[in-house]
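User: Could you walk me through this fold and how its parts pack together? I'd like the conventions stated as we go.

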Amino acid sequence: MKYLAVILVLVLALAGLANAQKQAPAPPETVQVSYGLVIDNSGSYRTLLEKIISLASVIVEENKPGDETFLVTFISTPKIVLRQELTENKREIRDAVENMFIEGGLTAIVDAVKSSADYLSENARSDVDRSKALVLITDGDERQSTAKIEDVVKVLKDAKIRVFVLALSEEKVYPKVIDRLCKETGGVKYTPRTRDEIAAAVKSLVSAIRTK
């Protein structure tokens with residue numbers, strides 16, 4: 001009877017383990033990603049430039065084989081610049097990031113996102129399971145865009161491009177535009193303040209852009 005009881009306990013334990021494994025959620029599917037770094041270079045970022053260069057470089061360093069990245073910097077609409085075309089070469093992107101510089105002008109966030117989305121749609125690899133994303137680094141202070149945000153959101157949705165925002169500022173973050181871009185495309189907004197919060201946000205972001 002003693003041995004039968006032990007066997008029964010073992011059988012029940014194994015059955016419970018098997019049931020728990022069946023009920024455990026599957027890990028999120030990760031895929032290769034084509035994404036753009038879309039970085040505010042306006043005057044409000046003058047004191048944050050070195051920090052932004054550092055965190056953008058960390059994001060790029062986390063790229064996996066087959067990932068491709070481009071860099072757009074923006075101020076006003078005439079100063080939206082494709083600094084580096086889509087590439088799998090991390091060094092090319094890092095070099096372009098390190099050569100960014102700050103200029104004065106009225107910030108055109110929506111126009112920059114529209115330009116970046118158009119470029120990504122036309123040039124990204126066409127793998128069926130590939131993720132497409134824009135990583136927007138800005139304080140959200142929209143000043144001069146000519147494109148309407150509802151039109152840009154439609155472009156993003158049609159192209160299945162998600163927008164992820166690192167909202168950085170030494171003073172104030174302006175949420176209206178960046179919240180809508182994230183919410184309506186399935187992206188995420190991060191508003192880190194401390195060094196630890198920035199590190200955690202970057203870690204979360206690099207995972208999120210490649211998760212379906």
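Analyst: Two strands pair if DSSP finds at least two bridges between them, and helices (H or I, at least four residues) and strands (E, at least two) are DSSP runs, numbered from the N terminus. With that in hand, β1 and β4 pair in the parallel sense over seven bridges, and the bridge partner of tyrosine 35 in β4 is alanine 133.

User: Is this predicted or experimental, and what conventions apply?

Analyst: This is a predicted model, in which local features need pLDDT of at least 70 and side-chain atom pairs count only at pLDDT 80 or more, while totals for chains, interfaces and linings use all residues. Residues are numbered from 1 along each chain as its sequence is written, and side-chain values use heavy atoms, with hydrogens and water left out.

User: What's the average pLDDT of the chain?

Analyst: The chain averages a pLDDT (the predictor's confidence in each residue, from 0 to 100) of 89, and 86% of the residues score at least 70. Over residues 3–14, however, the pLDDT is below 50, and this stretch has zero contacts (heavy atoms within 4.5 Å) in the model beyond near neighbours in sequence.

User: How many helices and strands are there, and what order do the strands take in the sheet?

Analyst: The chain has seven helices and six strands, running α-β-α-β-β-α-α-β-α-β-α-β-α from the N terminus on. The six strands form an open sheet in the order β3-β2-β1-β4-β5-β6, with mixed pairing. Because β3 (81–87) and β6 stand at the edges with a single partner strand each, one side of each is left without a neighbour in the sheet.

User: Strand β5, then: what does it pair with?

Analyst: Strand β4 (residues 131–138) pairs with β5 in the parallel sense over seven bridges, and valine 163 in β5 is the bridge partner of leucine 134. β5 also pairs in the parallel sense with strand β6 (residues 189–190), over two bridges, where tyrosine 190 is the bridge partner of leucine 166.

User: And the connections between those strands?

Analyst: β4, helix α5 (residues 149–158) and β5 make a right-handed β-α-β unit. From β5 the chain crosses through helix α6 (residues 175–185) to β6, and this β-α-β crossover is right-handed too; the term means that, with the strands pointing away from the viewer, the path from the first strand over the helix to the second runs clockwise.

User: Why call β5 largely enclosed?

Analyst: Seven of the seven residues of β5 (residues 161–167) are buried, so the strand is largely enclosed by the rest of the structure; buried means under 20% relative accessible area, exposed over 50%, partly exposed in between (1.4 Å probe, protein chains only). Ile161, Val163, Val165 and Ala167 point one way, whereas Arg162, Phe164 and Leu166 point the other way, and all are buried.

User: Switching topic, how many aromatic pairs are there?

Analyst: The structure holds one aromatic pair. The ring centres of phenylalanine 70 and tyrosine 119 are 4.8 Å apart and the planes are at 65 degrees, so the pair is edge-to-face. Rings of Phe, Tyr and Trp (its six-membered ring) pair if their centres lie within 6.5 Å, with planes under 30 degrees apart counting as stacked, over 60 as edge-to-face and the rest as tilted. Phenylalanine 70 lies in strand β2 (residues 68–74) and tyrosine 119 in helix α4 (residues 109–123), 49 residues apart, and both are buried.

User: Last one: where is asparagine 41, and what does it touch?

Analyst: Asparagine 41 is found in the loop between β1 (33–40) and α2 (49–61), and its relative accessible area of 1% makes it buried. Not counting residues up to four places away in sequence, asparagine 41 touches Thr73, Phe74, Ile75, Met100, Phe101, Ile102 and Glu103.
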